Amino acid sequence: MLLEKTLNNPYAHNYQLLIKNILNAPIYFDPTQEIVYRGDKRFTYATFKKRVHKLAHMLSALGVRKGDTVAVMDYDSHRYLECYFAIPMLGAILHTINIRLSPEQILYTIDHAEDDVILAHTDFLPLLEQIKGRLDVEHFIVLSDDEKILPTSLHVKGEYEALIENQPDFFDFPDFDENTRATTFYTTGTTGFPKGVYFTHRQLVLHTLGALSTLGSAPHQGNFRQGDVYMPITPMFHVHAWGLPYVATMLGVKQVYPGRYIPDLLLELIAKERVTFSHCVPTIMHMLFNSPKINEVDLRGWKVMIGGAALPKAMCQEALKRGIDMFTGYGMSETCPILSIAQLTPEMLDLNEDAQSDIRIKTGRPMGLVEIQVVDETMRPLLHDGAHSGEIVVRSPWLTQGYFKDQKNSEILWQGGYLHTGDIATMDEKGYIKITDRMKDIIKVGGEWVSSLELEDIINRHPSVKEVAVIGIDDEKWGERPLALVVKDATKSLSDKALLLHAKEFINKGIMARESMLLKIKFVESIDKTSIGKVNKKELRHKYTH
Ligand code: AMP
């Protein structure tokens, strides 16, 4: 009885896990710490906080209320970070628009999310002009690096800086239920129209804490801590830039936002601002490694989490040679996103570079609070022996509860009470998962599974190969067989026979199904990509399977 009374004390504050609370600690730690945009604009955390409050006043004066949706179209910027906070702190929903989608897809997502206001960088105004007749949006606000608005036929309210300048710098943000929706965005990783996923305040705060528990506690490598300098190189429209801007803010570290990704500028910022922690997809890392400027920059001590696709071993080895602490992170749009991280255990630090790379390119171990199961078709968990492979299904506090306004696909996503990733993996006795394929990409040859990712990895190791994608093509005898679409390095010669010989040598030495030998090679000019730069296997299958 006494205990119950204590638990229900009406005088106690019922603390909700709200995004506004992430902003508390860094202001105590060091309000003079910097947030930098493209190396030109610098703000302290104290100013950042004021700008968040001013932005809230400006939106509120436009009529934005709890439950409304405010969309952003921008490159990675300090303004985007301000929106990450101010919009959800008002109780409104931040829609991060994928700027690489086609105008029709963008129109679909704006309509579907029911956006009320759009904040758009000047570069995207022509795109919005193309679809403006069909847009049902109340206000447009322009984001501009030089604070100017170019002539536009859109009915714009004004420019961001001018609109926030004279607003009061304190807004009394309300408390509300932590289960209030805070963010939404659209994934194209499935068939059909883009699908909206959504996350609450509670989920984003817990994801921040979960990421901190794993990244902040790693003793020797693969960590993100106070004293680091943070620069994202994954777009802020894609899964909250993996949630790491919230982590960086909670840590109170210096943050550097690079704007549009220009390889030379990214390298310049890493050097000038002494960036120590970033994250990106392999395609971007590849772009940086191929930039002539790379050899002018000392990258030792730079920690880079690679995700969105498997980290190729050759890339990891090149990174280690340059003194970069590179490791894998894994997740998906539906999962907020981070589920696992490939950090080394202390005893693994003694391993040589090659053996270390084998761990770093694994898909990682589950992050704090994440339950990962690798299951067979009947949802039975498989042995943690690094050999049995099945689908990754997950539970954690930060998974989307469904697809927005899409009951049917929401049910499919959560069949059996676990979120289905559609990724095929093994888990070993130390809890490291290793994705071997996506369910849709896996190739079944004569009843055996062949991993397209492993074949790609092998073919990629040939010095004359620039790019490769392996898909399954229909085959009368085998059901399916693997086809490698290969872009050659234009400066070198390569025949399909030589490449097959190379692949077969590796297949023979490796532990792959012998059916992998049925590989076919086709040289192509280029490989189709999705809007976020991933190989578009759906399109490739469509093009080459008939
Ligand atoms: P998206 O929702 O577009 O972020 O895509 C998520 C999908 O990307 C996952 O389901 C995986 O298939 C793939 N993916 C993400 N991270 C990794 C990784 N570290 N290794 C292999 N595949 C990955």
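## Cysteine 336 and its loop

Cysteine 336 sits in the loop between strand 14 and strand 15; helices (H or I, at least four residues) and strands (E, at least two) are DSSP runs, numbered from the N terminus. The model is predicted, so local features need pLDDT of at least 70 and side-chain atom pairs count only at pLDDT 80 or more, while totals for chains, interfaces and linings use all residues. Residues are numbered from 1 along each chain as its sequence is written, and side-chain values use heavy atoms, leaving out hydrogens and water.

Cysteine 336 is not a glycine, yet its phi is positive, at about 85 degrees. Its relative accessible area is 0%, so cysteine 336 is buried (under 20% relative accessible area; exposed is over 50%, partly exposed in between; 1.4 Å probe, protein chains only). The peptide bond that runs from cysteine 336 to proline 337 is cis, with omega near 20 degrees. Proline 337 belongs to the loop between strand 14 and strand 15. Most residues other than glycine have a negative phi, and most peptide bonds are trans.

Glutamate 334 is placed in the loop between strand 14 and strand 15 (338-341). At 3% relative accessible area, glutamate 334 is buried. Its side chain makes a polar contact of 2.6 Å with the side chain of tyrosine 403. A polar contact is a pair of N or O atoms within 3.5 Å; within protein, one must be able to donate a hydrogen and the other to accept it, and residues adjacent in sequence count only if both atoms are side-chain atoms.

## The ligand site

Around the ligand there are 16 residues, and Gly329, Ser333, Asp423, Arg438 and Lys534 come nearest. A residue is near if one of its heavy atoms lies within 4 Å. Strand 14 (325-331), strand 19 (419-427) and strand 20 (433-438) each give at least two residues to this shell. Strand 14 supplies the largest share, 4 residues. The shell has 6 nonpolar, 7 polar and 3 charged residues; Ala, Val, Leu, Ile, Met, Phe, Trp, Tyr, Cys and Pro count as nonpolar, Asp, Glu, Lys and Arg as charged, and the others, Gly among them, as polar.

A side-chain N or O atom of aspartate 423 lies 2.5 Å from an oxygen atom of the ligand. For serine 333, a side-chain N or O atom is 2.8 Å from a ligand oxygen. Glycine 308 uses its backbone: an N or O atom there is 3.1 Å from a ligand nitrogen. Taken alone, the ligand exposes 490 Å², and the protein buries 92% of that (Shrake-Rupley method, 1.4 Å probe).

## Aromatic pairs

The structure holds 13 aromatic pairs. Rings of Phe, Tyr and Trp (its six-membered ring) pair if their centres lie within 6.5 Å; planes under 30 degrees apart count as stacked, over 60 as edge-to-face and the rest as tilted. Tyrosine 45 and phenylalanine 48 are both buried.

Phenylalanine 48 also pairs edge-to-face with phenylalanine 85, at 5.7 Å between centres and 85 degrees between planes. This pair links distant parts of the chain, helix 3 and helix 4 (residues 78-89), across 37 residues. Phenylalanine 85 is buried, as is phenylalanine 48. Ring pairs join Tyr45, Phe48, Tyr80, Tyr84, Phe85 and Tyr246 into a cluster.

## Cysteines

A search of the whole structure finds 0 disulfides (cysteine sulfur pairs within 2.5 Å). Cysteine 280 is in none; the nearest cysteine sulfur, in cysteine 316, is 12 Å away. That gap is too far for a bond. Cysteine 280 is buried, at 0% relative accessible area. Cysteine 316 is buried too, at 0%.

## Other sites

Arginine 274 is not a glycine but has a positive phi of about 55 degrees. It lies in the loop between helix 11 (263-272) and strand 12 (277-280). Arginine 274 is exposed, with a relative accessible area of 66%.

Arginine 360 is in helix 14 (residues 353-360) and is buried, at 5% relative accessible area. Tyrosine 160 lies in helix 7 (residues 160-165) and is buried, at 0%. Its C-alpha is 7.5 Å from that of serine 144, 16 residues away along the chain.
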